Amino acid sequence: MEENRRKMSSLQLCCFLLIGCLVSTIYASSGASSEEHAQEVHCSRERSRAAYNIIEEYLIPFVEQENYQMSHKCKLHPRNDIFRDQEDHKIHVDVNEWRCGYCKKSFRAEKFLDQHFDNRHYNLLNVSEGNCLAELCGALHCDHVINSVVPKSKCNPAAAARNRHLCESLADSCFPVHQGPSAGRLHELFLRQFCDAHTCSGRIKPFSRGGKKHTNIFYFAISILILMLLPIFYLIVYLYQREMRKGTQILRRISKQSLKKKPS
C-alpha cells in the first residue's frame, strides 16, 4: 500500500513538472512573439508611408527618365519598405470604405485598416532586411509633407547638419558617381532636390526640381465643359446677329415708306 502511494506521488510530481514545462514554454513563446511584434511596431507606418510617397513623387520619375536601376542595397529602394506588401493589399473602395486585400474585411477609415494589419497580419511584414523607411524621414523632409502647415519653430543647426549628412550619404550609396553619367546626374539631382534644403537659412525649399506630373481632374472637367458649351455659345451669337440684321432691315423698310409718303 505504501509503495502504491509512493508511485502515485511520483506520477503526480511528474505530471506537475510536465504541466509546468508546458506552461513555461507557452509563456516564453508568447513573450517572444509579443517582443517581436513590439519591435516591428517601432517602425512608424505613417512616416514610412510618407517617405515612400515622397520617393515615388519626387525621385522615381527622374530615375525612370534615366532608365537607372537602383541597387537593392539602396535604402531608398521600395523593396526595403517593411510595410510595402501590406500597403499594396489596401483596397480603397469608396470615401468611407477600405478593404483588406488578405481577408477582404472592410473598414470605415484607413487608420482602422492599419490597426487591423498590426493586429491580424503583422506576420506578413517584410522584416527580412530590417529596413524602416521612416528612419529616412529626416533626409526626405517627411514633416514637410505630413504637416500641411509647418509650425514656425527655431531651426536646430545640429539637427539640420545631421539630416544633411544622412541625405548626402543616401546620394552617395544609391547613386555612386563612378557608375556612369546617369548615376552622376541622379546624384546631383538628389543633392539639389533633398539635401540643399537642410539649412537654417530658410531660403531653399525641398523638392525644388519638382515631381511627378499629375493630370488635374478639375481642369480636365472644365476643358470638357468648355468644349461642350462653345458650340452653344456660337449658336446664340449667330441667332442674335441674325435677329439684329432682321431688325435693321425692318427699320430700313419703315424709313423708306415714311419718306415716300411725305411728298404727297
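**Figure 1. The largest nonpolar core of the predicted model.** This core holds 32 residues, and those with the most contacts inside it are L59, L76, L140, F175, F190 and F194. At least two core residues come from each of α2 (45–58), α3 (60–65), α6 (137–140), α8 (157–174) and α9 (181–195). Helix α9 gives the largest share, seven residues. In soluble globular proteins, nonpolar side chains tend to be buried together.

**Figure 2. Helix α9 and what covers it.** The buried residues of α9 are S182, A183, L186, H187, L189, F190, L191, Q193, F194 and C195. Their cover includes α2, α3, α6 and α8. The length of the helix can be checked: at 1.5 Å a residue, the 15 residues of α9 should span 21 Å, and the end C-alpha atoms lie 20 Å apart, which agrees.

**Figure 3. R45 in helix α2.** Is R45 buried or exposed? Its relative accessible area is 8%, and R45 is therefore buried, the cut-off being under 20%. The side chain of R45 makes a polar contact of 2.9 Å with the side chain of D118. Apart from residues up to four places away in sequence, R45 touches F83, Q86, E87, D114, F117 and D118.

**Figure 4. The three-stranded sheet.** The sheet is open, its strands are in the order β1-β2-β3, and the pairing is antiparallel. The edges are formed by β1 (90–94) and β3 (106–107); each has a single partner strand, so one side of each is left without a neighbour in the sheet. Strand β1 runs antiparallel to β2 (residues 97–100), and four bridges join the two. In one of the pairs, K90 has C100 of β2 as its bridge partner.

**Figure 5. Residues 100–121, annotated in UniProt.** An unreviewed UniProt entry lists this segment as "domain: C2H2-type". In the predicted model, the chain over residues 100–121 is 50% helix and 14% strand. The C-alpha atoms at the ends of the segment are 10 Å apart.

Note on methods: Residues are numbered from 1 along each chain as its sequence is written. This is a predicted model: local features need pLDDT of at least 70, side-chain atom pairs count only at pLDDT 80 or more; totals for chains, interfaces and linings use all residues. Side-chain values use heavy atoms; hydrogens and water are left out. A nonpolar core is a set of buried Ala, Val, Leu, Ile, Met, Phe, Trp, Tyr and Cys residues joined through side-chain atoms within 4.5 Å. Buried means under 20% relative accessible area, exposed over 50%, partly exposed in between (1.4 Å probe, protein chains only). A polar contact is a pair of N or O atoms within 3.5 Å; within protein, one must be able to donate a hydrogen and the other to accept it, and residues adjacent in sequence count only if both atoms are side-chain atoms. Contact means heavy atoms within 4.5 Å. The expected span of a helix is 1.5 Å times one less than its number of residues. UniProt positions are given in the numbering used here, feature names are shortened, and annotations may be inferred rather than shown by experiment. Two strands pair if DSSP finds at least two bridges between them.
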